[in-house]
Amino acid sequence: MSEQYKNYGKQDFLEDAFFLAYIKRTSVEAVRFWEKWMASSPANIGDMQAAAQELRVLLSATRIYPSPATTDEVWEQIAGQMAVSTMERNKLRRIRRSLIAAAAAVLLFIIGSSLFYYTGNKTIATGYGKTLRIQLSDQSLVTLNANSSITYTRRWWGGARREVWLTGEAFFDVTHLKKDSLPVKEGERFVVHTSHLDVEVLGTRFNVKERRGVTLVGLTTGSVQLRWKDGRQTMPLQPGEQASYQAATGEVHKVVKDMNEVNAWKENRLVMNNATVGEIIQLLEDNYGYKAVLEDPSITSRKIQGTIPVKNEDNIIFILSGILKVNIEKKDSLLIFRRAN
Amino acid sequence: MEEFAEEPQLWRAIVDGDEAAFQQIYRLHFPMLYEYGMRLSANEELVKESIQQFFIKIWTNRAGLGAVKRIRPYLLVSLRGVIYNRLRDEKRRRISALEDDYDFELAFSPESVYIQKESSEQQQQALQQAMAQLTGRQKEIIFLRYYQELEYNEIAEIMNISVKGAYKLTARSLESLREILGLSVIAVICLLKIAASR
């Protein structure tokens, strides 16, 4: 093997793959051979060293390597398209058929979801201490009090009766759809369903509250008809009247009431006109989720007058403690009413 | 550089539709193709897309792969074609213009060979500037010949020149390099001597 290199010139070394492997150090065999060859002091060692120097310059550029992430990324792209091209070859017809099926499915989905959108029901619930205003598809406005929920149809169609289902308390401002003097049509009615009675209206403003087995309906303007679920009776209401129904006893009362007081919660106020402390504590429990603990239970029958802004519950508690002359301690969801020292 | 021993076998497997073999071929050659691509065009996205594009083409047309004799030159020539078409489309230049005048990124650092200790920035710059006088074609042929160790007939095919032309171009490239080096190295050595004598 050594023989042939004796007559090598610089150019020959430059073109020799085995010599290049030595310079690049890609072959142990080549490195061993050329080191031994150099040690034997051949006549053309000068040419060999010049070629080595030149090759080292040629190979001195910094190499560029892809990151493993890049290698994987490009392969993912290729693999993805390979799958497509394989399918194209073998399953073109099947794909065309499944495409049609997919298109049909998409179309069905669109029809279904728009049907759902236009006829489906939606439920909105409020947490403690939060109120919410909702506009229904007939432009009627609902103000939902805290700790309450309402279910309504996303969109009512012309002929259908407008119906909503309520738990808790809400104020309704119902759009009057009846524009003629003909008998009332179904689509002109608006019904609020509660557990025990339905409130039927054409277009009015009224408050419905159902808490602790007591249903209260207070009418501000227009007229409403109350209809009990068991079908046993109906009762009309005049503006300024509030009906109350006790589920446990079946008692029905109708009283004239200041609707500003009934509806005050909408404006974040609490109007107390001869209200008992017990009633106020119930409000705090219903709307803010507190549980009241009374050191002196007799205070529940005390009556108070006045208006409390209820922007936040701390405010109510502070004012209440001032009015009642008690210390109210807040502990998580507990309100502890202590005698003032 | 020798072809990988198992390569012809893998290649035949691809013809038969073996996806695992195809991925192996990809992983064996991606680093080489990536480097070559990045030297032809510094645009990494373009390089990645080009490699992707022609690998998909290989897979789609795998039935005709039997005719390929050596894989590496085949892959390199394919990639070069794709990148050039893309560059041409991008720059709206004619093919001939591209073939004659293009850049090939290959920054030699002879100072690392001639000057053992850290050379000054000034010296490095002088050498780099001198090296920049090499044309894209000269640098590409050096890369294919000495980095990729391709045969002259393979280089000729990739660079779309005759085999004789490939020999000539290599010789001329080395000649230019020697000239540049000769002048620069003398200059650098002078600089070093001046620095040492102070």
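Colleague: Does Arg97(A) count as buried or exposed, and why?
Modeller: Arg97(A) counts as exposed because its relative accessibility is 58%. Buried means under 20% relative accessible area, exposed over 50% and partly exposed in between, using a 1.4 Å probe and protein chains only. Bear in mind that this is a predicted model, where local features need pLDDT of at least 70 and side-chain atom pairs count only at pLDDT 80 or more, while totals for chains, interfaces and linings use all residues. Residues are numbered from 1 along each chain as its sequence is written, chains are lettered from A, and side-chain values use heavy atoms, leaving out hydrogens and water.

Colleague: Where is Arg97(A) placed?
Modeller: In helix α6 of chain A, residues 68–119. Helices here are DSSP runs (H or I, at least four residues), numbered from the N terminus.

Colleague: New topic: how many residues of α3 in chain A are buried?
Modeller: Six of the eight in residues 17–24, so that helix is mostly covered by the under 20% cut-off. Phe18(A), Phe19(A), Leu20(A), Ala21(A), Tyr22(A) and Ile23(A) are the buried ones.

Colleague: Which residue caps the N-terminal end of α3(A)?
Modeller: Asp16(A) does, with a side-chain oxygen 2.9 Å from the backbone nitrogen of Phe18(A). Just after the helix, Arg25(A) has a positive phi of about 60°.

Colleague: And what about α9 in chain B, which residues are buried there?
Modeller: Tyr152(B), Glu154(B), Ile155(B), Ala156(B), Ile158(B) and Met159(B). That's six of eight in residues 152–159, and the helix is mostly covered. Just after α9(B), Asn160(B) takes a positive phi of about 60°.

Notes:
Helix = DSSP H or I, 4+ residues; strand = E, 2+ residues; numbered from the N terminus. Polar contact = N/O pair within 3.5 Å; in protein donor to acceptor, adjacent residues only side chain to side chain.
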